[in-house]
Amino acid sequence: QVQLVETGGGLVQVGGSLRLSCAVSGITFSDYAMGWFRAAPGKDREFVAGINSAGSPYYVDSNQGRFTIWRDNAKNMVYLQMNSLKLEDTAVYLCVAGRYTVRVKNTVDYWGQGTQVTVSS
């Protein structure tokens, strides 16, 4: 059974930081691209960050260098460090895995349950 379990979400003030973690089981982790999508209230899921099986990260421009993704293949873990958080970062953040890429939704093979990030003023 494939599991992607996110932790680390919560309530943070504007300008603060959070680190999200995703624990993965049931797949050969090192063969998969990993990443994060988010779903803001009332909006569709959008890509946030990804990292390929070789460890090269990629981001959307709107993150403006505030987010960092990395993976630990020995632990089957992927992380998202979020700094300088803004109100518009409020969303459910979902960990994703894809055999080749996770840049768009139709390439994602597995989705986590999501963890809520709420940024308040």
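**Entry 1: L18 and strand β8**

I looked up L18, and its bridge partner in β8 is M82. This is a predicted model, so I note its limits: local features need pLDDT of at least 70, side-chain atom pairs count only at pLDDT 80 or more, and totals for chains, interfaces and linings use all residues. Residues are numbered from 1 along each chain as its sequence is written, and side-chain values use heavy atoms, with hydrogens and water left out.

Strands here are DSSP runs of E with at least two residues, numbered from the N terminus. Two strands pair if DSSP finds at least two bridges between them. I find β3 and β8 antiparallel, joined by 6 bridges. C22 stands opposite V78 of β8.

Next I followed β7. It pairs with β8 over 6 bridges, in the antiparallel sense. W70 stands opposite Y79 of β8. The hairpin of β7 and β8 has 4 residues between the strands, and N76 takes a positive phi near 55° there.

**Entry 2: the sheet**

In what order do the strands of the open sheet lie? I read β1-β3-β8-β7, 4 strands with antiparallel pairing. The edge strands, β1 (3-7) and β7, each pair on one side only. From one strand to the next, the twist averages 15° (axes are lines fitted to C-alpha atoms; angles run from 0 to 180 degrees between N-to-C directions).

I checked burial; buried means under 20% relative accessible area, exposed over 50%, partly exposed in between (1.4 Å probe, protein chains only). In β8, 6 of the 6 residues are buried, so the strand is largely enclosed by the rest of the structure. M77, Y79 and Q81 point one way, V78, L80 and M82 the other way. In a regular strand the side chains alternate between the two faces of the sheet.

**Entry 3: the cores**

A nonpolar core is a set of buried Ala, Val, Leu, Ile, Met, Phe, Trp, Tyr and Cys residues joined through side-chain atoms within 4.5 Å. The largest one has 27 residues. M34, W36, V78, L80, M82 and Y93 have the most contacts inside it. Strands that each supply at least two residues of this core include β3 (18-25), β8 (77-82) and β11 (115-120). A second, separate core has 7 residues, among them F37 and V102.

**Entry 4: T115**

I ended in β11, where T115 lies. T115 is buried, at a relative accessible area of 11%. Its contacts (heavy atoms within 4.5 Å) include E6, L20 and Y93, not counting residues up to four places away in sequence. A polar atom of its side chain lies 3.3 Å from the backbone nitrogen of G9.

Conventions. Polar contact = N/O pair within 3.5 Å; in protein donor to acceptor, adjacent residues only side chain to side chain.
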